[in-house]
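Try each task on your own before reading its solution.

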Amino acid sequence: MKSPLDSSAPLPEAIPGNPAEKPSLAPAFTLLLLAPIIAEVLMGATRISVIYVLIPEIMVWGCGALMIREAVRRWRAGWASMILLGLALAVAEECVIQQTSLAPLVGAQHVYGRFFGVNWIYLLGLLVYECVWVVLVPVELTEMLFPARRHQPWLRKRGLAISGIVFLIGSYIAWYAWTQRARPMVFHLPKYQPPLLDIAIALAAILLLILAALRLRTVRLSEPGRASSAPRPWFVGLATFLLSLLCFLLIGLAYGAAPRLPFRIAMVGGFVWAAFSLMLIRGWASSAGWREMHRFALVFGALLASMSAGFITLAGGALPIDWIGKSVLNVIAVVLMIRLGQKLRLREALKS
């Protein structure tokens, strides 16, 4: 069985059967919704009291995740390319669209990790968060829901072009709503215009990440079938849950959770944690016996961590409807994930 991290795995034809037959758009629309719902709503960053902001989030996060997934499948690439493209989307969000990693943080107790006009600790945490919970987790979950379409593109060229246009429009809406309206009118902070050099560097970084993703489309991240056996799915889920919580700890440091902690220790620790997590999952995915339930455990563990840590974000003056809404949605998400896990287990049992 090919590893999900194997970027050289052969893929079937994009759209089998009659070329004129219009493929189902259900997987594409599912990913459009799951990306912002997982990253924003279930986590609690987008509260029920302002749920209307889900519309531009679908335009940015949903279309961004969908275009990344389409590019990876059309290139016949794998998770190496998807990670790099996810980082490119995160850089675009943090430094070009909403510029939250360049402007002084809203609600931070202390100025921590900000040098040369960049919130470095926050940027590192959000690069990981947006790559994983906006792109990797929603894509993997959607492909579990539509296993027959896992290796196929879900859009034709026209749909891909429309997604790109919607993404650009949503990006402008998100930029204007946050930088020109929310910061000065809601949080009573002065408008912040990052230096053009910072924007140019961010755009260059995005381009380099895209080129690297294209270059690495044939590079294999794992070696399927290693002698060591894969750990049990419950252990994979638990380890993923604990490792994912460290991402939110890193973001908490950016908001002044431990102002006396030396910046270098936090930054180096963040890089070590991210590299260790990637290498650990890579090793697991290369082991013999790595199956669908292991991938499900990865997704479920990461999802539980984001939902759990997200309750901390509500501590800053959330309305009762926000607490109730998040709690209800989280319970629904857990129930649906348990049902999906049962179906996947039955699917594996029928194959064996």
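The exercises below concern a predicted model, and each one is followed by a worked solution.

**Exercise 1. Helix length**

Task: Work out what span α8 should have from its residue count, and compare that with the distance between its end C-alpha atoms.

Solution: Start with the limits of the helix: α8 covers residues 263-286, which makes 24 residues. The expected span is 1.5 Å times one less than the number of residues, so α8 should span 34 Å. The end C-alpha atoms of α8 are 35 Å apart, which agrees.

With 19 residues, α3 should span 27 Å, and its end C-alpha atoms lie 25 Å apart, which agrees. For α2 (residues 54-74), the 21 residues should span 30 Å; the distance between the end C-alpha atoms is 28 Å, again in agreement.

**Exercise 2. Enclosed helices**

Task: Find how many residues of α2 and of α3 are buried, and say what follows for each helix.

Solution: Count residues under 20% relative accessible area. In α3, 17 of the 19 residues are buried, so this helix is largely enclosed by the rest of the structure. In α2 the count is 17 of 21, so α2 is also largely enclosed.

Met67 is partly exposed, because its relative accessible area is 22% and buried means under 20%. Beyond its neighbours within four places in sequence, Met67 contacts Leu160, Ser163, Gly164 and Phe167. The C-alpha atom of Met67 is also 9.1 Å from that of Leu155, although the two residues are 88 apart along the chain.

**Exercise 3. A pocket and its lining**

Task: Describe the lining of the second largest pocket by helix and by residue class.

Solution: The volume of this pocket is about 840 Å³. Its lining has 33 residues, with Ile83, Val132, Leu136, Leu278 and Ile281 nearest the centre. At least two lining residues come from each of α3, α4, α7, α8 and α9, and α4 supplies the largest share, 11 residues. Sorted by class, the lining holds 28 nonpolar, three polar and two charged residues.

**Exercise 4. Positive phi**

Task: Where are Phe116 and His188 placed, and are they buried or exposed?

Solution: Begin with the background: most residues other than glycine have a negative phi. Phe116 has a positive phi near 55° and sits in the loop between β1 and β2. With a relative accessible area of 79%, Phe116 is exposed. His188 has a positive phi of about 55° and belongs to the loop between α5 and α6. At 65% relative accessible area, His188 is exposed too.

Notes. Residues numbered from 1 in each chain as written. Predicted model: local features only at pLDDT ≥ 70, side-chain atom pairs only at ≥ 80, totals over all residues. Heavy atoms only, no water. Helix = DSSP H or I, 4+ residues; strand = E, 2+ residues; numbered from the N terminus. 1 Å grid on protein atoms, 1.4 Å probe; cavity = no way out; pocket = protein on both sides within 12 Å on 5 of 7 lines; lining within 4 Å. Points joined across faces, edges and corners; volume = space filled by probe spheres on them. Nonpolar A, V, L, I, M, F, W, Y, C, P; charged D, E, K, R; others polar. Buried < 20%, exposed > 50% of the residue type's maximum accessible area, 1.4 Å probe, protein only. Contact = heavy atoms within 4.5 Å.
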